[in-house]
Amino acid sequence: MMTSQRLFRRHGHLTLIVCVLWGVLELPPANAQESSQVSGAEFTIQPARLEPYERTPLFAKIQGFVLKSRPRSDDGDASQRVAIADIGDEVSEGEILAEIDVPEMLQELLQKKALAEQAAAELLQSTAAITVAEKSVEAARSRIAESQAGVTRAKGEFERWKSEYERIRQLVEKGSVTAKLADETQNELRAAEASQDEANAHVASVESDVAAAVAELAKAKADETVARVRVKVAEAEVSRFEALFAYARIRSPFTGIISQRNIDTGHFVQPGAASPAPLFVVERIDTLRVAVDIPEREAVYIRTGNAAWIQIPALGKDELEGAVSRTSWVLDPASRTLRVEIDLPNPERRFRPGMYAKARVVLSRTTTASNANE
């Protein structure tokens, strides 16, 4: 009897252990990644994280020393200066966060502006020279008409004395007048001929003056063209230095909040890769991205527009309703997961980048891999 009871107890304990082990094997694995089905809609529950909608590190474009204050605005009022922007400051798009002292660039900019003013003055001078040259051409052409009238008058005198000399010569041959009168008339004819030659020479001289005045006008126009080009070059240089000088003011690219500041008064900053860390990091927080990594086995069932619910444990158990805004479509080769983003409006700044969240995303089982991101 005792032997039978001992066998029963031994076999009973063995049966209990087997049943417990069987029940454990039947339980679903305890994993943060799970799929569920409620009310006919199948969804996946995955850990998520809140990220800024935009995040921009700001570096210096020019080298110089950081000033202890910054202009409040661009109105040029030097008295309206405030301290360098700091972490946690909410800034607007285009707001000046810090200013770099670049006195040598300022002096060079002033020099370029002076050269631009000089080029503009030379242009005015060239334009005035064109007006003078045009008047010279007009005056020379008017003298041509006057000279041509003198030629006509001299030619008339020559013809008159020529006919008079012929008449006197005939009278001398008939003995009606003395030869002395003929000589006097011939002298008058020669004088008229000389006057005619002089008038013709004067016309040629005036025509040369006209040609010279026209050439001077062409040169003046060419000088004006060169002066205009110099003005454009000078203005371009001013614009280039103004653009460079504008980099002395570090501005926010969008409305957001400063999450990092790596400069202080007097720091020497350098452009680009020479700087080990950004001067500031600005993050846009009016809308956040809820980033979710969907496992490979469920990635093909995710579509843009699928319903989603977000729970942020730090803020309670309430779920925020949303939808899939976009996906990477391509899986991460390291983790074999699909990046899914859900836009989360944040007008009251309740949510902060970096917060942990849980995302429940509806799966579209009829969706194929070819149109998973449509």
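**Basis of the entries.** I am working with a predicted model, in which local features need pLDDT of at least 70 and side-chain atom pairs count only at pLDDT 80 or more, while totals for chains, interfaces and linings use all residues. Residues are numbered from 1 along each chain as its sequence is written, and side-chain values use heavy atoms, with hydrogens and water left out.

**Aromatic pair.** I found 1 aromatic pair in the structure (rings of Phe, Tyr and Trp, the last by its six-membered ring, pair if their centres lie within 6.5 Å; planes under 30 degrees apart count as stacked, over 60 as edge-to-face and the rest as tilted). Phe65 and Phe268 form this pair, which is tilted, at 5.1 Å centre to centre and with 50° between the planes. The pair links distant parts of the chain, since Phe65 belongs to strand β3 and Phe268 to strand β10, 203 residues apart (helices, H or I of at least four residues, and strands, E of at least two, are DSSP runs numbered from the N terminus). I also noted that Phe268 is partly exposed, at 44% relative accessibility.

**Sheet.** I then followed β3 and β10 into an open sheet of 4 strands, whose order is β8-β7-β3-β10 and whose pairing is antiparallel (two strands pair if DSSP finds at least two bridges between them). At the edges stand β8 (249-251) and β10 (268-269), each with a single partner strand, so one side of each is left without a neighbour in the sheet. Strand β3 (residues 64-66) is joined to β10 by 2 bridges, and I noted Gly64 opposite Val269 in β10.

**Salt bridges.** I recorded 22 salt bridges in the structure, a salt bridge being a side-chain nitrogen of Lys or Arg within 4 Å of a carboxyl oxygen of Asp or Glu. One of them joins Asp293 and Arg49 at 3.3 Å, N to O. Asp293 lies in strand β11 (residues 280-295) and Arg49 in strand β2 (residues 41-58), so this pair ties together parts that are 244 residues apart in sequence. Asp293 is partly exposed at 29% relative accessibility, and Arg49 is partly exposed at 30%.

I next looked up Arg70 and Glu95, whose closest N and O atoms are 3.3 Å apart in a salt bridge. Arg70 lies in strand β4 (residues 69-71) and Glu95 in the loop between β6 (90-91) and β7 (96-101), so the two tie together parts that are 25 residues apart in sequence. Arg70 counts as buried at 9% relative accessibility, whereas Glu95 is partly exposed at 21%.

For Arg339 and Glu341 I noted a salt bridge of 2.9 Å, N to O. Salt bridges that share partners join Arg49, Glu51, Arg289, Asp293, Arg326, Arg339, Glu341 and Asp343 into one network. Within the pair, Arg339 is partly exposed at 26% relative accessibility, whereas Glu341 is buried, with a relative accessible area of 9%.

**Charges over rings.** I found the charged end of Lys61 over the ring of Tyr247, 5.7 Å from its centre, and that of Arg360 over the ring of Phe43, 4.7 Å from its centre (the criterion is NZ of Lys or CZ of Arg within 6 Å of the ring centre and within 35 degrees of the ring normal).

Technical notes
Buried means under 20% relative accessible area, exposed over 50%, partly exposed in between (1.4 Å probe, protein chains only).
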